[in-house]
Amino acid sequence: VLASAAMAFVNVIGEALVVEKSQGDKQEGASKNVSLFFGVRSAGTVLTGYLSGVLLEYISNQSVFLITSSFPLVLLLAALCMTERPNRATVSVSSQLQGLFSFVKQKQIYQ
């Protein structure tokens, strides 16, 4: 359960970093960053699964499970060590809602 919670936390941190990196970019740049994030995450999942299978030939099931379940915990600890620069800009709720509605009205979302 702890490993699943850590993986969910790491996903949120990764997606937040992608969003932060994409701020100020055009739609194409933001889409590229999101695609790259999901591609790398998927490749990491496949690589972890493959290497787990290879490790099973040399060590016990419990050891492989312990090793692979520790990856999200290591990423969680790394995320907790990151420092965030404070954002001094204040945005009103009405301007945030206006931005949200203008985003939802875009035709590209529903195609």
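Guide: Helices here are DSSP runs of H or I, at least four residues long, numbered from the N terminus. The model is predicted.

Visitor: With that numbering, which helix is Glu28 found in?

Guide: Helix α2 covers residues 27-56. Glu28 is found in helix α2.

Visitor: How many helices and how many strands does the protein chain have?

Guide: The elements, read from the N terminus on, run α-α-α-α. The secondary structure therefore comes to four helices and zero strands.

Visitor: Is the protein chain compact or spread out?

Guide: For 111 residues the globule rule gives 13 Å, and the radius of gyration of the protein chain is 19 Å, well over that figure. The C-alpha trace spans about 55 × 35 × 20 Å along its principal axes. Because its radius exceeds the rule in this way, the chain is, relative to a compact globule, more spread out.

Visitor: What share of the residues counts as buried?

Guide: A residue is buried when its relative accessible area is under 20%. The protein chain exposes about 9300 Å², with 66% of it supplied by carbon and sulfur atoms. Of the 111 residues, the buried share is 14%.

Visitor: Is Glu28 buried or exposed?

Guide: The cut-off for exposed is over 50% relative accessible area. Glu28 has 59%, so it counts as exposed.

Visitor: How far apart in space are Glu28 and Thr48?

Guide: In sequence the two residues are 20 apart. From C-alpha to C-alpha, the separation of Glu28 and Thr48 in space is 30 Å.

Visitor: Which residues does Ser52 touch, not counting those up to four places away in sequence?

Guide: Ser52 lies in helix α2. Its relative accessibility is 15%, so Ser52 counts as buried. Beyond its sequence neighbours, Ser52 touches Val64 and Thr68.

Visitor: Where is Leu75 found, and how far is it in space from Ile13?

Guide: Leu75 is in helix α3, residues 61-81. Its relative accessibility is 44%, so Leu75 counts as partly exposed. Leu75 and Ile13 are 62 residues apart in sequence, while their C-alpha atoms are separated in space by 9.7 Å.

Visitor: What share of the contacts between residues at least 6 apart joins residues at least 24 apart?

Guide: A contact means heavy atoms within 4.5 Å. Among contacts between residues at least 6 apart in sequence, the share that joins residues at least 24 apart is 49%.

Visitor: What kind of aromatic pair do Phe37 and Phe38 form?

Guide: Rings pair if their centres lie within 6.5 Å, and planes over 60 degrees apart count as edge-to-face. By this rule there is one aromatic pair. The ring centres of Phe37 and Phe38 are 5.2 Å apart and the planes stand at 65 degrees, so the pair is edge-to-face.

Visitor: Which label, buried or partly exposed, goes to Phe37, and which to Phe38?

Guide: Phe37 has 18% relative accessibility and so counts as buried. Phe38 has a relative accessible area of 34%, so its label is partly exposed.

Terms used
Residues numbered from 1 in each chain as written. Predicted model: local features only at pLDDT ≥ 70, side-chain atom pairs only at ≥ 80, totals over all residues. Heavy atoms only, no water. Phe/Tyr/Trp six-rings, centres within 6.5 Å; stacked < 30°, edge-to-face > 60°. Buried < 20%, exposed > 50% of the residue type's maximum accessible area, 1.4 Å probe, protein only. Helix = DSSP H or I, 4+ residues; strand = E, 2+ residues; numbered from the N terminus. Rg over C-alpha atoms; globule rule 2.2 N^0.38 Å. Areas by Shrake-Rupley, 256 points an atom, 1.4 Å probe, with all protein chains shown as cover.
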